[in-house]
Amino acid sequence: MIIRIEKPSDSEAITEVTKAAFEDHSFSQQTEHFIIRDLRTAGALTISLVAEVDGRIIGHLAFSPVTISDGTTNWHALGPVSVLPDYQGRRIGTAMINHGLALLKSMEGEGCVIVGLPTYFRRFGFKNHPLLLHEEVPQEVFSAKSFVRRMPFGKVEFHQAFKQLSLIEKDAITDVIIDYAIAGIKLDLANPAVESLISKKILTQMPDGKFVMRPSALAEYDSYFAKVSQFVVAEMSRVHKNPLLAAVSH
Ligand SMILES: CC(C)(COP(=O)(O)OP(=O)(O)OC[C@H]1O[C@@H](n2cnc3c(N)ncnc32)[C@H](O)[C@@H]1OP(=O)(O)O)[C@@H](O)C(=O)NCCC(=O)NCCS
């Protein structure tokens with residue numbers, strides 16, 4: 001097995017490995033391959049390593065920069081990390097993580113955070129630090145490893161690419177547009193995907209009780225989908241002249 005930095009021609013294989021590794025995981029929204037793609041597009045893949053056996057990519061590991069509210073710099077997030085199911089349990093994940101951490105340190109990285117099972121990441125020296133927080137995940141699955149003496153404190157923010165909408169949320173957005181535009185159907189507030197869109201402020205309630213979609217908030221998660229949604233709404237409005245479309249606006 002060899003571990004090396006990704007090449008441009010590896011991106012499809014990395015997508016496939018990532019999708020396969022996370023496929024059956026209930027904690028995953030199966031958006032990890034989009035995170036890697038968006039990190040790459042944004043030039044935010046600090047390190048992207050692949051594990052290769054007989055010319056086939058069977059593992060992948062990404063690092064990307066994070067910001068910390070105390071102003072600490074040069075910290076990174078480890079992950080997503082994936083090994084093809086048939087190759088798991090053969091120390092490939094361990095080898096990639098050790099390799100990646102050493103590389104990060106040699107690049108003057110000062111530390112690393114991870115969202116993942118503490119039972120697995122403890123072996124690499126990651127520990128939970130009560131003063132270092134990630135607001136969107138339970139504290140017990142958030143751990144850190146400092147390469148220097150100092151441990152930062154405060155809120156850690158991952159790269160924007162980690163804010164992906166799940167396919168279920170995207171379906172809910174499509175339903176909202178179509179239901180409002182065509183049938184004037186009210187939002188199903190009991191739908192957890194709708195609830196999640198409200199918590200993300202993509203859907204917000206107006207003083208008159210109506211919910212409106214905010215493409216500007218949607219764009220923070222998915223600029224392409226926001227443009228498509230805006231276009232569809234504008235087109236339907238033009239074609240159907242449906243007054244209910246007023247409910248779906250900026
Ligand atoms: C997590 C993952 C990358 C580990 O790679 P791997 O090559 O299978 O792991 P290794 O063979 O290096 O490590 C083996 C050890 O880790 C343990 N381990 C593997 N996955 C684990 C998990 N999800 N939770 C706890 N322990 C785990 C094994 O039991 C084994 O323990 P041992 O050393 O005490 O025998 C791989 O299992 C995977 O792709 N999982 C799906 C995606 C995922 O969960 N990624 C992590 C979150 S970003």
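The model is predicted: local features need pLDDT of at least 70, side-chain atom pairs count only at pLDDT 80 or more, and totals for chains, interfaces and linings use all residues. Residues are numbered from 1 along each chain as its sequence is written.

**Overview. The chain has eight helices and eleven strands.** Helices (H or I, at least four residues) and strands (E, at least two) are DSSP runs, numbered from the N terminus. Along the principal axes, the C-alpha atoms fill a box of roughly 60 × 45 × 30 Å. The chain has 250 residues, and 33% of them count as buried. A residue is buried if 20 or more other C-beta atoms lie within 10 Å of its own, exposed if 12 or fewer, and partly exposed in between; these C-beta atoms are placed from the backbone.

**Close-up 1. Helix 3 (92–106) has buried and exposed residues.** Helix 3 has 15 residues. From its first C-alpha to its last it reaches 21 Å, close to the 21 Å expected at 1.5 Å a residue. That expected span is 1.5 Å times one less than the number of residues. Which residues of helix 3 are buried? They are Ile92, Met96, Ile97, Gly100, Leu101 and Leu104. Seen down the helix axis, the buried residues fall within an arc of 155 degrees, so they line one face of helix 3. The arc is that of the directions from the helix axis to the C-beta atoms. On the other side, Ala102 and Ser106 are exposed. Glu108 follows helix 3 and has a positive phi, near 70 degrees.

**Close-up 2. The shell around the ligand has 19 residues.** Ala21, Gln88, Gly93, Thr94 and Tyr120 come nearest. A residue is near a molecule or strand if its C-beta atom, placed from the backbone, lies within 6 Å of it. Helix 1 (11–22), strand 5 (75–83), helix 3 and helix 4 (118–121) each supply at least two shell residues. Strand 5 gives the largest share, five residues.

**Close-up 3. Three strands form an open sheet in the order 4-9-7, with mixed pairing.** Strand 4 (67–68) and strand 7 (132–133) stand at the edges, each with a single partner strand, so one side of each is left without a neighbour in the sheet. Two strands pair if DSSP finds at least two bridges between them. Strand 7 and strand 9 (residues 154–157) run parallel, joined by two bridges. Leu133 has Lys155 in strand 9 as its bridge partner.
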